[in-house]
Amino acid sequence: MLNKDIVAKINKQINFELYSAYIYLDMSNYYSDSNLGGFANWFRIQTQEERDHAMLFMDYLLYNGEKVVLEDVKAPNFTYTDFRQPAAEAYAHELKVTAAIHDIYAAAYDVKDFRTMQFLDWFVKEQSEEEKNTDEIIKRYDLFGNDAKGLYLLDAELGARVYSPPSLVL
Ligand code: FEO
């Protein structure tokens with residue numbers, strides 16, 4: 001049995017990961033509408049990863065005999081004025097996800113919940129990758145994105161991303 005506060009925080013995180021999936025889907029659709037299929041591909045795969053994160057948190061609660069509580073997922077509420085903006089929003093969002101995961105980790109540390117800390121280790125590492133990947137898109141966009149040929153090549157590069165399932169096993 002897990003600490004009640006930890007269970008509540010993980011339930012909240014499930015919702016946050018599903019919201020993350022939802023906003024990346026919105027970003028993917030924006031790029032699709034803008035005929036940037038590579039960007040759209042990258043963000044759609046990001047949606048799949050976020051769904052995986054939600055499932056991992058959910059499975060962790062179920063594995064430990066705890067109740068999963070699914071709440072409404074907030075609608076994405078962004079208006080994009082240029083192609084750079086979704087990537088910038090994605091990076092800002094990942095910083096929030098990192099903070100949320102660190103918050104659960106700190107709570108687990110406080111109550112000596114070593115099991116949850118060990119489970120969260122994967123997410124701590126994953127977040128450094130999530131931040132790096134989104135930040136890289138912004139930096140590459142700033143380098144090449146304002147030139148039509150550069151944008152075309154960057155779109156092709158992002159179009160090459162393929163989905164791979166998470167390496168974490170409960
Ligand atoms: Fe599930 Fe992008 O953090």
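Student: What makes E49 count as buried?

Tutor: This is a predicted model, and in it E49 has a relative accessibility of 13%. Buried means under 20%, so E49 goes in that class.

Student: And R161, buried or exposed?

Tutor: Buried: R161 comes out at 17% relative accessibility, and the cut-off is under 20%.

Student: Why is the contact between E49 and R161 called a salt bridge?

Tutor: The rule asks for a side-chain nitrogen of Lys or Arg within 4 Å of a carboxyl oxygen of Asp or Glu. For E49 and R161, the closest N and O atoms are 3.2 Å apart, so the pair passes the rule.

Student: What makes you say that this pair links distant parts of the chain?

Tutor: Look at where the two sit: E49 is in helix α2 (residues 37-63), while R161 is in the segment after α5 (148-159). That puts them 112 residues apart.

Student: How many salt bridges are there by this rule?

Tutor: Seven. One of them joins the side chains of D103 and K9, at 2.8 Å from N to O. D103 belongs to helix α3 (residues 84-110) and K9 to helix α1 (residues 4-33), so this pair ties together parts that are 94 residues apart in sequence.

Student: How do you know whether D103 is buried, exposed or partly exposed?

Tutor: Its relative accessibility is 38%. Buried needs under 20% and exposed needs over 50%, so D103 is partly exposed. K9, with 23%, is partly exposed too.

Student: What separates E136 and K132 along their helix?

Tutor: About one helical turn, because they are four residues apart in helix α4 (residues 114-144). E136 is partly exposed, at 38% relative accessibility.

Student: How do you know that the span of α4 agrees with what it should be?

Tutor: Take 1.5 Å a residue: the 31 residues of α4 should span 45 Å, and the end C-alpha atoms are 45 Å apart, so the two values agree. There is still a kink of about 30° in α4, centred on L120.

Student: What makes H53 buried?

Tutor: H53, found in helix α2, has a relative accessible area of 1%. The cut-off is under 20%, so H53 is buried.

Student: Which residues does H53 touch?

Tutor: Leaving out residues up to four places away in sequence, H53 touches E17, W122, F123, E126 and E130.

Methods
Residues numbered from 1 in each chain as written. Predicted model: local features only at pLDDT ≥ 70, side-chain atom pairs only at ≥ 80, totals over all residues. Heavy atoms only, no water. Buried < 20%, exposed > 50% of the residue type's maximum accessible area, 1.4 Å probe, protein only. Expected span 1.5 Å × (residues − 1). Bend = angle between axes of the 7 residues up to and from the residue. Contact = heavy atoms within 4.5 Å.
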